[in-house]
Amino acid sequence: MSDRVYIFDTTLRDGEQSPGATMNAKEKVRIASRLEALGVDIMEAGFPAASEGDFAAVQDVAAVCQKSSVAGLARTSKSDIDKAWGAVQHAKHPRIHTFIATSDIHLEHKLKMDRDQVVEAAVNAVKYAKSFTDDVEFSAEDGSRSDRDYLCRVFEAAIAAGATTVNLPDTVGYAIPHEFAELVKYVMEHTPNIHQAILSVHCHNDLGLATSNTLAAIQAGARQAEVTVNGIGERAGNTSLEEVVMAMHTRPNYLDFHTNIVTEQIHPASRLVRMITGIMVQPNKAIVGANAFAHEAGIHQDGVLKNPMTYEIMRPETVGLSKNNMVLGKHSGRHALRSHLADMGYVLSDEELQDLFIKFKDLADKKKHVVDEDLEALVSIGILRTSDKYSLDYLHVSAGTGVKPTATVGLKTNGDVLMGAEFGNGPIDAAFNTIAKMTGTTSEMLRFTVSALTGGTDAQGEVTVRLQEGKNIALGRGVDPDIITASAKAYVNGINRLEYLRDNPVISDKDVVENE
Ligand SMILES: [Zn+2]
């Protein structure tokens, strides 16, 4: 039997640190359920000490997960560990994940601590976490740039203090595969008690090497991979779950390992993460990009039709890309909708289903075939965002040759509908000006992107906006058959997210300073 590699998903924590990817508790819970269906062994749900919002979201995720372990991140301070435990304690399988930097550059410039003090802080943190739960992970931040022997010393002390997983991160995405494998081997050989724990790796993609580094580390002895769906994460992102899993799945002769991942759930998970975070997936992205299984060249198409194995190294069905996307239409009833949603992994309450059914009928009036992507957009945007401060209730624009573009907008907030009207350079600009005036937002629009949700001329328009207000950045997303309405929805969504960020500031693990 091949060795098991544990998949530690950090989409909800490190992935959320992608600029603009902030999620509310409801959205995190929705992704968490999908991650469970995907079969991740551990999911890191957040950094409970970062904000009250993050604490509550981790608590909510902990309450729903039945199979996956739920981890909360904490610095080495008692107060951080208390908060992490407070948030995960009701999980079926709780884990506390505590970290401190071990590289000289971090010790000197960030922590202002010497090596002995860092070992002591790590040991105390692990022991304290251990007083709450058996499942304690310790991370040596910036591990790949740490002195090898010192790294082994920290790991040995953390394991002796009770850590059951020790994580070696390439925090800044600096390692290259051969070097990283050597480091893992060195740690395995020079940490006397390493076999009492699982060695984990956590890579970043700054040089495009996160997947290669992770696989090299696994071949060298690591047995936990820290990953995110679609590889989202700070800067160039984290190791992508789908790439590591499918590399092992597709090349077992060279990578003789197995995971608990249900590969057919990869695409549904990818789509949901894209929908909720608003972070697009590049079309040529391995496994989950729109073109990952598209064969354009005639000679390839011919070969694939004769025998898929001529050019396809994986079957699209294996990663959950169903060829026969079932379509619903105007005449589909509530029952068909409910059962189709259940097949897609969405279990909605009666109230949510009723709400969705109205939106579905509305969409089916405008669009002949309603496909999975449309339903996912309805669920993730229409149903999950009901707690938002503003929602678009009404929109009318007039534009054309010789007409000054004007928009009239109705915004629902706290049960009231506010009305406003403004001019603009074009209909979208007019709608944006009106919404900006009504909400009083001081945000600046950094980017505005329009794309089609699916193929076909009746595809819904999908709009993403990137807004900045002070140091906060938020992405807003809107989907609608009408592109101007989709734009207005995206803008309102972005403003709602900025409101949320104002109340729940995000602290990044790379710029926090120990202050015990
Ligand atoms: Zn990271």
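**Close-up 1. Helix α6 crosses helix α7 in a right-handed manner in this predicted model.** The axes of α6, which covers residues 148–160, and α7, which covers residues 177–190, come within 10 Å and cross at roughly 50°, and the two helices are therefore oblique to each other. On the α6 side the contact is made by Arg-148, Asp-149, Leu-151, Cys-152 and Phe-155, while α7 contributes Glu-179, Glu-182, Leu-183, Tyr-186, Val-187 and His-190. Sorted by class, the residues in this contact are six nonpolar, one polar and four charged.

**Close-up 2. Four residues carry the annotation "binding site" in an unreviewed UniProt entry, namely Asp-14, His-202, His-204 and Asn-238.** Although these residues span 225 residues in sequence, no two of their C-alpha atoms are more than 10.3 Å apart, so they gather at one spot.

**Close-up 3. Asp-14, one of the residues with the UniProt annotation "binding site", is set in the loop between β2 (6–9) and α1 (25–38).** With a relative accessibility of 1%, Asp-14 counts as buried. Not counting residues up to four places away in sequence, Asp-14 touches two further annotated residues, His-202 and His-204, and its other contacts include Gly-233 and Glu-234, as well as Asn-238.

**Close-up 4. Asn-238 is found in the loop between β9 (224–227) and α9 (241–250).** Asn-238 has a relative accessibility of 2% and likewise counts as buried. When its neighbours within four places in sequence are left aside, Asn-238 is in contact with residues among which are Asp-14, His-202 and His-204, and also with others including Thr-10, Cys-203, Asn-205, Ala-210, Thr-228, Gly-231, Ile-232 and Gly-233.

Terms used: Residues are numbered from 1 along each chain as its sequence is written. This is a predicted model: local features need pLDDT of at least 70, side-chain atom pairs count only at pLDDT 80 or more; totals for chains, interfaces and linings use all residues. Side-chain values use heavy atoms; hydrogens and water are left out. Axes are lines fitted to C-alpha atoms, for helices over the stretch in contact, and angles run from 0 to 180 degrees between N-to-C directions. Helices (H or I, at least four residues) and strands (E, at least two) are DSSP runs, numbered from the N terminus. Angles under 35 degrees count as roughly parallel, over 145 as roughly antiparallel, 65 to 115 as roughly perpendicular and the rest as oblique. A crossing is left-handed if the near helix is turned anticlockwise from the far one by less than a right angle, and right-handed if clockwise. Contact means heavy atoms within 4.5 Å. Ala, Val, Leu, Ile, Met, Phe, Trp, Tyr, Cys and Pro count as nonpolar, Asp, Glu, Lys and Arg as charged, and the others, Gly among them, as polar. UniProt positions are given in the numbering used here, feature names are shortened, and annotations may be inferred rather than shown by experiment. Buried means under 20% relative accessible area, exposed over 50%, partly exposed in between (1.4 Å probe, protein chains only).
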